[in-house]
Amino acid sequence: MRERTITVIGATGAQGGGLVHAVLADPAGGWKVRAITRHPESDKAKALAAAGAEVVAADADDPPTLKAAFAGAAAAYCVTNFWEHMDPERELRQALALAAGVQAAGVGHVVWSTLEDTRKWVPLTDDRLPTLMGRYKVPHFDAKGEADAAFRQTGRSTTILLTSFYWDNLIHFGMGPRRQEDGTLLLALPMGRARLAGMAAEDIGKCAYGIVKAGTEYAGYTVGVAGELLTGEQMAAALGRALNQQVTYAAVPHDVYRGLGFPGADDLGNMFQIYVEFEAEFTRSRDVALARRLNPELQTFDAWLARNKDRIPIG
């Protein structure tokens, strides 16, 4: 079987890394992986090369470099990382450069990792959520969602992949439990009683591999994935089981969360308010059963915690 190439943007990141490792773990799948990174000299990039990936340097901030990234690829996974720079205008430019790159290269199937443009639900004139940076409600959602149209207009077979809240945020964003004066742990999130669509970040990439392996089945469609839909109470209970100690849940008001003062607090506060006020729309668009068909190794929250509980910093 002649192997086809899949280009993976952000190959050393959470989503892209999950996809790269899924391809490398499936040598009979008919795909070889081209791992795109700005830093091919990094330890992560060198490890991917040693594992069998073709590592190519390219940068979405430098569109001409994308020619080598997409040349001859039968498929591509495109993702941007808002939190690296926290600039939605830059993220939008990057996404548009990626869309132009796959179009110019004639890539057969493109999977675009995205989130909803929340301004379709809460217009800028609606003061339920404060407007941020002049023209956004949830900047790290809205810029991605705005770029969806550019990918649809490339003329390539395109799958719009709606992602979910990373459980990894409990490790990297300081969203994990905090120790209270009585010794118990408190999980404080502005989710009220609503369900949160969440998953392991690496599983997003593995779901993307399932989409690519399915050929044209998901071309032209929007696909949403999640590992589980859990309330704050359910997440706290799972954390308690994993950590073998009591964890209780407290619902933080959105205004309080927006005012916490850390970088991105207002963005995340708005995000959580969207999760709550549009719970039905958000959870309905993310199909756990479909995610498991795409990725039979899809982790539940309990399974993810069993692997990662020791990495969660306890404040």
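How many bridges join strand S4 to S5, and do they run parallel or antiparallel? Select residues 75-78, which make up S4, and then S5: 4 bridges join the two, and they run parallel. Two strands count as paired here if DSSP finds at least two bridges between them. Helices (H or I, at least four residues) and strands (E, at least two) are DSSP runs, numbered from the N terminus.

Before you click further, keep in mind that this is a predicted model, where local features need pLDDT of at least 70 and side-chain atom pairs count only at pLDDT 80 or more, while totals for chains, interfaces and linings use all residues. Residues are numbered from 1 along each chain as its sequence is written, and side-chain values use heavy atoms, with hydrogens and water left out.

**Stop 1**

Color residues 109-114, which are S5: 6 of its 6 residues are buried. Buried means under 20% relative accessible area, exposed means over 50%, and partly exposed is in between (1.4 Å probe, protein chains only).

Now pick Tyr-77, whose bridge partner in S5 is Val-111. To get from S4 to S5, follow the chain through helix H4 (residues 88-105); this β-α-β crossover is right-handed. That means that, with the strands pointing away from you, the path from the first strand over the helix to the second runs clockwise.

Ser-113 stands opposite Leu-161 of S6. The chain goes from S5 to S6 through helix H5 (residues 139-152), and this β-α-β crossover is right-handed too.

**Stop 2: salt bridges**

A salt bridge here is a side-chain nitrogen of Lys or Arg within 4 Å of a carboxyl oxygen of Asp or Glu. By that rule, there are 17 salt bridges. Here are some to select.

- Arg-90 and Asp-61: their side chains meet at 2.6 Å, N to O. Arg-90 is in helix H4 and Asp-61 in the loop between strand S3 (54-57) and helix H3 (66-70), 29 residues apart. Arg-90 is partly exposed at 25% relative accessibility, and Asp-61 is partly exposed at 35%.
- Glu-146 and Arg-135: the closest N and O atoms are 3.3 Å apart. Glu-146 lies in helix H5 and Arg-135 in the loop between S5 and H5, so this pair ties together parts 11 residues apart in sequence. Glu-146 is partly exposed at 30%, and Arg-135 is partly exposed at 28%.
- Arg-241 and Asp-302: look for a 3.0 Å N to O approach. Arg-241 sits in helix H8 (residues 232-243) and Asp-302 in helix H13 (residues 301-308), so the pair ties together parts 61 residues apart in sequence. Arg-241 is exposed, at 54%, while Asp-302 is partly exposed at 38%.

For a group view, select Glu-89, Asp-117, Arg-119, Arg-135, Asp-142 and Glu-146 together: they are linked in a network of salt bridges.

**Stop 3: helix H10**

Is H10 largely enclosed or open? Select residues 265-277 to see this helix. Of its 13 residues, 10 are buried, so H10 is largely enclosed by the rest of the structure. Among the buried ones are Leu-268, Met-271, Phe-272, Ile-274 and Tyr-275. Show what surrounds them: the buried residues of H10 pack against H5, strand S7 (165-166), strand S9 (185-189), strand S10 (195-199), helix H9 (254-258) and helix H11 (279-284).

**Stop 4: a sheet of 3 strands**

Keep S9 on screen and look at the open sheet with the order S8-S9-S13 and mixed pairing. Its edge strands are S8 (178-179) and S13 (247-251), each pairing on one side only. S8 and S9 run antiparallel, joined by 2 bridges, and Arg-178 stands opposite Leu-186 in S9.

Finish at Ala-251, found in strand S13 and partly exposed at 47%. Leaving aside neighbours within four places in sequence, Ala-251 is in contact (heavy atoms within 4.5 Å) with Leu-189 and Gly-192.

Key. Expected span 1.5 Å × (residues − 1).
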